[in-house]
Amino acid sequence: AAAEKGGFDTFMAKEIHEQPQAVADTLRGRIDEQGQIVLDEVRMSDQDFRDIDKVFIVACGTSYHAGLVTKYAIEHWTRIPCEVELASEFRYRDPVLDRSTLVVAISQSGETMDTLMAVRHAKDQKARVLSISNTVGSTIPRESDAVLYTRAGIEVAVASTKAFLTQLAACYLVGLHLAQVRGIKYADEVSAILDELVAAPGKIAKVIENLDPVREMARECAASGERVLFIGRHVGYPVALEGALKLKELAYLHAEGFAAGELKHGPISLIEAGTPVVAIVPSPRGRSLLHDKIISNIQEVKARGAKVIAVCEEGDKITAVHADFVIETPASPTLLAPLLTAVPLQEFAAELATALGRDIDQPRNLAKSVTVE
Ligand code: G6P
């Protein structure tokens, strides 16, 4: 069994370390030398992609979080309205779908019943369905009009890591492809983003090399046994949700992710002296408004006694002044940052859960693939 885990204590640790390669595999052969995205195996023509006037993303769990990130990217790059919905809610509320709607179903296993039912509903309503899956020949891809495989390799740990990062990479490819075939005015931005996407595996590897401080903080948080709150804005918000989900799954600890702007509308009342708050901080470059806002949110929770752990861009001196601990990730365009900022949160959850004596690869009550509704 030790050999199967490639020298790691758990499959999850092995899979966290496989992420740079997994993301590189997702991208392989899908960006040509002219900087065009080629999704040959996706059985949808350029014209099909041009005809789309609305995108719906449906997914569950961690895959849903990948969908939330994708919404920000698709709307920004393509100007096509995009909604994200939990697959288990989708078909019960009569969503507005037609032939020019693209439904993107994200499912690592390709077998999640809620997502499959959402796909069937979309097809009944004549929408086009593109699935993003890690499992070749699984049910959701088979029932979809088109599929893009993530090529993460088999993921054994119940808590998703490399599958999530490769879903993000695949979704970025779909968004950029949509932008390219529609000839959207962001051509320069798209090519800059593509270069950054290609550079992502190297940056993910750097994040993985620097996880020691994360582990240390996780052990401290385990000792205090407190609930942990996660806050973020823009794409940092879904990353906060994912960080909280990982902690719930693995540590059986109460954890919540919030849009940082919503703190003042309720969640801030949860803050007590010593409550750990993990803040996902966007790049400070260009003195972005987003960055200013999250610094204010950090100040708000600090003023109420929170212990702030910030995941920020390397060299972000402002965050370093305000947070109690910083976890630095390499610079990246805002929309691609989740490929980097999600990684320390995976390790944080795994280490915290280990300190509490949990079963990392097989958390209680959870299944890798949920084939009931
Ligand atoms: C289960 C797993 C999660 C996963 C979710 C969706 O709950 O434990 O890790 O995110 O299903 O799975 P899917 O295979 O559809 O991505």
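Leu130 has Ala146, in strand β5, as its bridge partner. This pair belongs to a predicted model, in which local features need pLDDT of at least 70, side-chain atom pairs count only at pLDDT 80 or more, and totals for chains, interfaces and linings use all residues. Residues are numbered from 1 along each chain as its sequence is written. In total, 4 bridges join β4 (residues 128–133) to β5, and the two strands run parallel. Helices (H or I, at least four residues) and strands (E, at least two) are DSSP runs, numbered from the N terminus, and two strands pair if DSSP finds at least two bridges between them.

Stepping back to the whole sheet, 5 strands form an open sheet in the order β2-β1-β3-β4-β5, with parallel pairing. Because β2 (82–86) and β5 (146–149) stand at the edges with a single partner strand each, one side of each is left without a neighbour in the sheet. From one strand to the next, the twist averages 20°; axes are lines fitted to C-alpha atoms, for helices over the stretch in contact, and angles run from 0 to 180 degrees between N-to-C directions.

Helices pack on this sheet too. Helix α4 touches β1 (54–59), β2 and β3 (101–107), and its direction makes about 165° with that of β1. Helix α8 (residues 162–181) touches β3, β4 and β5, at about 145° to the direction of β4. Contact here means C-beta atoms, placed from the backbone, within 7 Å.

Finally, the ligand: 15 residues surround it, the closest being Gly61, Thr62, Ser107, Ser109 and Thr112. A residue counts as near if its C-beta atom, placed from the backbone, lies within 6 Å. Helix α4 (residues 61–78) gives the most to this shell, with 3 residues.

Terms used. Contact = placed C-beta atoms within 7 Å.
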